Amino acid sequence: MRPDGLVDAHHCLPIASTWGTGTTSSSDGQFFRGGKRMAVGDINARYGVDPGFSFYTHVFDQHAPYSITVISAATHEAPYVLDGLLHHSSSLKIAEHYIDTGGATDHVFALCAMLGFRFCPRLRDFLDRRLAALGPVTSYPTIGSLLGKRLKTDTIREHWGDVLRLVASLKAGHVALQEIGKIERAFFMLDWLENPNLRERCQAGLNKSEQRYVLTQAICSFRQDRIIDRTHETLQHRASGLNLVIAAIVYGDST
């Protein structure tokens with residue numbers, strides 16, 4: 001059975017609704033050290049001096065993984081958030097997605113909003129971020145300390161059609177997306193401050209990804225903390241197989 005088949009079968013089990021509705025998910029990267037003669041792998045100072053890579057995995061709220069991708073240890077996680085949400089083959093209809101700070105950028109805020117996903121990152125640097133303002137900061141004297149730079153609304157207007165069609169040039173499209181993302185991030189930050197239920201949902205969603213790490217480590221590297229596959233293709237095969245095994249375990253425990 002394919003991983004997406006197991007995910008769909010698990011989603012249909014009556015007991016699965018105990019853990020969630022199947023409409024929210026979280027994603028995160030898990031680092032694995034590679035063999036000394038690896039042809040692939042990068043060094044990330046956060047994990048020491050050994051080369052390695054990450055498995056970036058999307059897990060929906062009923063605990064099963066529905067997407068997994070091998071990425072460089074030195075790669076920013078943000079581009080892979082949407083990949084998993086858009087390009088999985090299960091029947092899940094994800095409405096709200098949680099990530100940690102590493103995958104949160106204004107571009108992802110913008111694209112998630114335009115594609116119909118509620119993007120909910122846990123911002124560890126929340127207090128250091130500023131809200132975007134449509135007018136001059138001096139127009140909002142009571143909250144001036146919370147505001148950042150004025151939004152470039154002219155950039156949004158100029159490239160709005162290009163953004164909607166996703167055919168703008170890389171530079172112009174990214175600038176416009178960033179400004180749109182600042183708006184979405186400001187709305188999200190205000191909602192985060194006044195909505196404790198949102199904070200609880202985000203924390204619970206990310207906990208499900210973190211609970212999966214120990215099982216993943218044990219299955220994938222046999223507790224040796226090192227994988228010796230040498231090419232990206234074999235790593236992706238291992239990652240896909242890992243997803244299948246974990247989905248099968250989650251399904252088996254639920255039946």
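The model is predicted, so local features need pLDDT of at least 70 and side-chain atom pairs count only at pLDDT 80 or more, while totals for chains, interfaces and linings use all residues. Residues are numbered from 1 along each chain as its sequence is written, and side-chain values use heavy atoms, without hydrogens and water.

**Overall make-up**

The protein has seven helices and nine strands. These are DSSP runs, numbered from the N terminus: helices (H or I) have at least four residues, strands (E) at least two. Of the 255 residues, 45% are buried. Buried means under 20% relative accessible area, exposed over 50%, and partly exposed in between (1.4 Å probe, protein chains only). Contact means heavy atoms within 4.5 Å. Among contacts between residues at least 6 apart in sequence, 64% join residues at least 24 apart.

**Aromatic pairs**

Rings of Phe, Tyr and Trp (its six-membered ring) pair if their centres lie within 6.5 Å; planes under 30 degrees apart count as stacked, over 60 as edge-to-face and the rest as tilted. The count comes to five aromatic pairs. Two of them share Phe 188.

| Pair | Distance between centres | Angle between planes | Class |
|---|---|---|---|
| Phe 109 and Phe 188 | 5.7 Å | 50° | tilted |
| Phe 188 and Trp 192 | 5.6 Å | 50° | tilted |

Phe 109 sits in helix H3 (residues 106–115) and Phe 188 in helix H5 (residues 170–194), so this pair links parts of the chain 79 residues apart. Phe 188 and Trp 192 are separated by about one helical turn, because they are four residues apart in helix H5. Phe 109 and Phe 188 are both buried, and so is Trp 192.

**The core**

A nonpolar core is a set of buried Ala, Val, Leu, Ile, Met, Phe, Trp, Tyr and Cys residues joined through side-chain atoms within 4.5 Å. The largest has 50 residues, and Phe 55, Phe 119 and Phe 188 touch the most other members. H5 gives the largest share of this core, seven residues. Beyond its neighbours within four places in sequence, Phe 188 is in contact with several residues, including Arg 118, Cys 120, Pro 121 and Leu 198. In soluble globular proteins, nonpolar side chains tend to be buried together.

Is Tyr 140 buried or partly exposed? Tyr 140 is partly exposed, with a relative accessible area of 30%. Tyr 140 lies in the loop between strand E7 (131–133) and strand E8 (147–150).
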